[in-house]
Amino acid sequence: MNRKFLFTAVLMALAVGLQAKVRLPHLVSDNMIIQQQTDVRLWGWAKAGSKVVATTSWSDQRSETKADRQGRWLLTVKSPKASYTPLSITFDDGDGQLTISNVLAGEVWVCAGQSNMEMPVKGFGNCPVLNYNQEVINAAGKCQVRSAKIPSIMRMKPQDDADTYWRECSPQTVGEFSATGYFFAKLVNRALDIPVGLIEANKGGSRVESWLTKENLERYTKEPTDTMGIVNFKKEWDYHRALVWGNGTFNPILNYTVKGILFYQGCSNVGDPGDQYAQRLKLLVEQWRSQFKLGDIPFYFVQIAPYASGDVNGTWNALLQEQQYKASKLIPNSGLVCTNDAVYPYEGTQIHPAQKQKVGERLAFLALNKTYGMQSVICESLSYRDMQVKGDTVMIHFDNECGGISRFEDIQGFEVAGADRVFHPAKASHFWQPGGAYWDECVVVSSPEVKQPVAVRYCFRNWQLGNLANAGGLPLFPFRTDNW
């Protein structure tokens, strides 16, 4: 009986295989979210030279193309306006049909970077995410957010497919979603009332070079790109390898039609010399935009959080933060999230801070304002503009106050130095004087140890927490006025 059942099953499997020869990548599958109201790319494989036709449940139009000599094909369909109505797409190569179901039209974002983007809602070992239980309970019936996690795989050559699938958000699945990505998607969904899809293509510990192509690495860096050079890399530092993570983990998503990219990375590049990180991040964004072929899609990224790094008063963490701020000025259609206040005082040695909701929501503020036109949403952090020294006091002016600052007294995080370049904790407070002159409103900074100040810093150490923010509650970016 069992032998007969097995024989029948084999025949059925062979029949199905002969009936439908068209094959789709894992990312083009049931439960997917497609980018709304645009030309959505769909692709796969079929018999070389065969015609592939795609029909959709929302339109009478047919899209067709011919498979090339390697059997690869790509076509586009016009997607409908976002809604929660389940859709389907059918593919036919002449030898049979293949249909994907429960598709939604909405907004699709890539979640890229290293472990703080990869970190799931359930957290890592000894690295919890704040309010995990509440998020599990709140996920009941919330299928309007979905995600696909691309496996983190090293490959010497670019890969066309990845073993992934689309997950609907539920109490059973939400714990596996990228926490930063989920909180971003949850807020965008709430604000726009449309489905949001996340493609999670990231790898813990990866450097910015991990995602660059062989061509860019060879032209702009001295990173190894040959098999021998990469294989000889120390095994315990595999996650630092250049090239291979982009080939294995990012390349499979490049045909997908997305709205933009969210990026949380930088810790593994701490210590890079000069302006190297800012320039290479700019290069990476240019590369991804070119590969996606969707124009200058939005790129919103996260400044690394304060971290003691074995030396609370060191500045190498702050130097990388500075590079990220510079990159935000170099990269068009980008935005940077400040996280100086997104750590608890007891998280100095925690490389994965728990407050991921604050990070994801600030990314959403950027998207809602800059991409979706909700200009009443405050999305830019307070940032340093200039300074003026008057006697023993420094007057600091800011951009992006958005109507005010968060506090007038007990402002923490400022330091001043004189010509000896020794920084001392400073007292800072709000200053305002009627009259409308340029210098009438600012933050004044001084220290009794510095009679003739020449430089000011704010939270420019590995581990230093400030408390100044703008009217939207977005914190002041760490900065220095010197170049020491």
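Let's start at a polar contact of 2.8 Å, which joins the side chain of Asp-272 to the side chain of Asn-269. Please keep in mind as we go that this is a predicted model. Asp-272 sits in the loop between S11 and H8, and with a relative accessibility of 24% it counts as partly exposed. If neighbours within four places in sequence are left aside, Asp-272 is in contact with Glu-209 and Tyr-277. For a sense of scale, you can look across to Ala-469, which is 197 residues away along the chain: its C-alpha atom and that of Asp-272 are separated by 29 Å.

Now turn to the other partner. Asn-269 belongs to the loop between strand S11 (260-264) and H8. Is Asn-269 buried or exposed? Its relative accessibility is 0%, so Asn-269 counts as buried. Besides its contact with Asp-272, the side chain of Asn-269 has a polar contact of 2.7 Å with the side chain of Gln-265. Not counting residues up to four places away in sequence, Asn-269 also touches Arg-207, Val-208, Glu-209, Tyr-277 and Leu-320.

Leu-320 leads us on to helix H9, where it is one of the buried residues. H9 (residues 316-330) has 15 residues, and it reaches 21 Å from its first C-alpha to its last, close to the 21 Å expected at 1.5 Å a residue. Other buried residues here include Asn-317, Ala-318, Gln-321, Glu-322, Ala-327 and Ser-328. What do the buried residues of H9 pack against? Their partners are H8, strand S12 (299-302), strand S13 (334-337) and S21.

The structure holds 21 aromatic pairs. One of these is formed by Phe-250 and Phe-292, in an edge-to-face arrangement with 6.1 Å centre to centre and 75° between the planes. Because Phe-250 lies in helix H7 (residues 244-250) and Phe-292 in helix H8 (residues 276-292), this pair ties together parts that are 42 residues apart in sequence. Both Phe-250 and Phe-292 are buried. A stacked counterpart is the pair of Tyr-384 and Phe-479, at 4.6 Å centre to centre and 15° between the planes. Here Tyr-384 lies in strand S14 (residues 383-390) and Phe-479 in strand S21 (residues 479-480), so the pair ties together parts that are 95 residues apart in sequence. Tyr-384 counts as partly exposed, at 24% relative accessibility, whereas Phe-479 counts as buried, at 7%.

Phe-250 and Phe-292 also belong to an aromatic cluster, together with Trp-211, Phe-263, Trp-288, Phe-299 and Phe-301.

Let's follow S21 into its sheet. Four strands form an open, antiparallel sheet in the order S17-S16-S20-S21. Strand S17 (423-425) and S21 stand at the edges with a single partner strand each, so one side of each is left without a neighbour in the sheet. S17 pairs with strand S16 (residues 414-417) in the antiparallel sense over 3 bridges. Within this pairing, Val-416 has His-424 in S17 as its bridge partner.

Next comes helix H4 (residues 179-192). Its 14 residues reach 20 Å from the first C-alpha to the last, close to the 20 Å expected at 1.5 Å a residue. H4 is mostly covered, with 10 of its 14 residues buried; among them are Tyr-182, Phe-183, Phe-184, Leu-187 and Val-188. At the start of the helix, a side-chain oxygen of Ser-178 reaches to within 3.1 Å of the backbone nitrogen of Gly-181. H4 is followed by Asp-193, whose phi is positive, near 55°.

We finish with Gln-35, in strand S1 (residues 33-35). At 4% relative accessibility, Gln-35 counts as buried. A polar atom of its side chain lies 2.9 Å from the backbone nitrogen of Val-108. Leaving aside neighbours within four places in sequence, the contacts of Gln-35 include Val-40, Ser-79, Gly-106, Glu-107, Thr-257 and Lys-259.

Note on methods:
Residues are numbered from 1 along each chain as its sequence is written. This is a predicted model: local features need pLDDT of at least 70, side-chain atom pairs count only at pLDDT 80 or more; totals for chains, interfaces and linings use all residues. Side-chain values use heavy atoms; hydrogens and water are left out. Rings of Phe, Tyr and Trp (its six-membered ring) pair if their centres lie within 6.5 Å; planes under 30 degrees apart count as stacked, over 60 as edge-to-face and the rest as tilted. Helices (H or I, at least four residues) and strands (E, at least two) are DSSP runs, numbered from the N terminus. Buried means under 20% relative accessible area, exposed over 50%, partly exposed in between (1.4 Å probe, protein chains only). A polar contact is a pair of N or O atoms within 3.5 Å; within protein, one must be able to donate a hydrogen and the other to accept it, and residues adjacent in sequence count only if both atoms are side-chain atoms. Contact means heavy atoms within 4.5 Å. The expected span of a helix is 1.5 Å times one less than its number of residues. Two strands pair if DSSP finds at least two bridges between them.
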